[in-house]
Amino acid sequence: MYCQTLLRGIGVVLLTAGACCRLCPASVDNRKRSLPCCISINQVQMVGTHNSYHAGLTPQMAALLQKANPAAYAALDYRHASLPEQFDHGIRQIELDVYADAQGGRYAHPSGPMVAMKAGIAGAAPEPVDPRMLPPGMKVMHVQDLDYRSTCQPFTACLAQIRDWSRAHPRHLPIFILIETKTDVPTKTMPMVTPEPFDTAAFDELDREIRSVFSASEMITPDQVRGAHATLEEAVLHSGWPTVEAARGKVLFLMDQRPAGPAYLQGHPSLRGRLLFTNAEPGEPDAAFIERNEGSEEEIARLVRAGYLVRTRADADTAEARSGNTSRRDRALRSGAQIVSTDYPSSEPSPWTGYAVRLPESETARCNPVNAPASCSTATLDK
């Protein structure tokens, strides 16, 4: 397990597990002594947001979907504040949907407005060209041509917002950045741009763009977690994740969709040299992060106890927000999943029912109800 001690004038020093818990109480100043020195980031639970960049449909796209596909409209009828605002309200996990755009301009002229005009939607008109969509580089949006508004653009600009907030709050709990690489095949009901494939070269570019914004010292990477172990899974099941103290002020990148894993792993066994933790299955060499968005409470708890980092969802497609049903949310929180993702954090409650996801003890994080040691104190986690 990663352990550390705070040494005056030097900062965080990583020590072996045995040394950590002996030295930490004597070396931490009085304000820090209430925090157990060996609480790991997988022994904490926090609330995250789903599609965190989502700025909502444009009025003409909303009108088009309400007319053509009311169910799809209902599922997309949510929006989030800017990333820095979410961090200010205690969110420590976000999700960014990323499209490759090697030549630039691929998504600069969305076809949706033209479809809306042909459908007779009042006020429909072509979208002005967004200059941020013209240069080469990854773009952030939910669905090309249809649901394309983002609170930040392009991908590197979103990362810069995260980095700037992080540097301004150097004691924050680690921020988990979930990346979904989008390659959805266009529907046949309207003309849509075909996304570029996310092959190994595209993933190399994704890593390059991340490194262009964040320095190595600002990230927790698979190589750091693996250490001297043969595989990443071996490391998390036997040595564990970094401590909360060692991870403060840092970011950690996670991969959303499992099918993209093989291309990202090609030439990088057990994620050597890579930045994202893949969404893997137990037993695989790269298994450290696992998604169970609809997993049972019992299964998630078993994975958490084993040492994996788990993300689940408290709600989806605005269903719980409209009904006010909290059963899925409550199961997710009880399961011990370290990341519980929602479209409705406490700062953005449902406009229909007031439904929201919040932790019972802390808006930002709490000691994990499944695997945190008895010495963990929720009150000392967030700074």
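## Basis

The model is predicted, so local features need pLDDT of at least 70 and side-chain atom pairs count only at pLDDT 80 or more, while totals for chains, interfaces and linings use all residues. Residues are numbered from 1 along each chain as its sequence is written, and side-chain values use heavy atoms, with hydrogens and water left out.

## Helix 14

Helix 14 spans residues 327–335, and its buried residues are R328, R329, A332, L333 and S335. Buried means under 20% relative accessible area, with a 1.4 Å probe and protein chains only. Helices are DSSP runs of H or I with at least four residues, strands are runs of E with at least two, and both are numbered from the N terminus. Viewed down the axis of helix 14, the buried residues fall within an arc of 160°, so they line one face of the helix; the arc is taken from the directions from the helix axis to the C-beta atoms.

The cover over these buried residues includes helix 12 (297–306), helix 13 (319–323), and strands 3 (44–49), 11 (309–313), 12 (339–342) and 13 (365–367). Just after helix 14, G336 has a positive phi of about 90°.

## Helix 12 against helix 14

The axes of helix 12 and helix 14 are 8 Å apart and form an angle of about 25°, which makes helix 12 roughly parallel to helix 14 (angles under 35 degrees count as roughly parallel). Axes are lines fitted to C-alpha atoms, for helices over the stretch in contact, and angles run from 0 to 180 degrees between N-to-C directions.

E297, I300, A301 and V304 of helix 12 meet R331, R334 and S335 of helix 14; contact means heavy atoms within 4.5 Å. By class, the contact of helix 12 with helix 14 has three nonpolar, one polar and three charged residues. Ala, Val, Leu, Ile, Met, Phe, Trp, Tyr, Cys and Pro count as nonpolar, Asp, Glu, Lys and Arg as charged, and the others, Gly among them, as polar.

## Helix 6 against helix 7

Helix 6 (residues 155–168) and helix 7 (residues 200–213) cross at roughly 35°, and their axes come within 9 Å. Helix 6 contributes F155, T156, L159, A160, R163 and R167 to the contact, and helix 7 contributes L206, E209, I210, S212 and V213. The contact of helix 6 with helix 7 has six nonpolar, two polar and three charged residues.

## L271

L271 is in the loop between helix 11 (261–265) and strand 9 (276–277), and counts as buried at 0% relative accessibility. Leaving aside neighbours within four places in sequence, L271 has contacts that include P222, R226, L232, Y264 and F277.

Note on methods. Buried < 20%, exposed > 50% of the residue type's maximum accessible area, 1.4 Å probe, protein only. Parallel < 35°, antiparallel > 145°, perpendicular 65-115°, else oblique.
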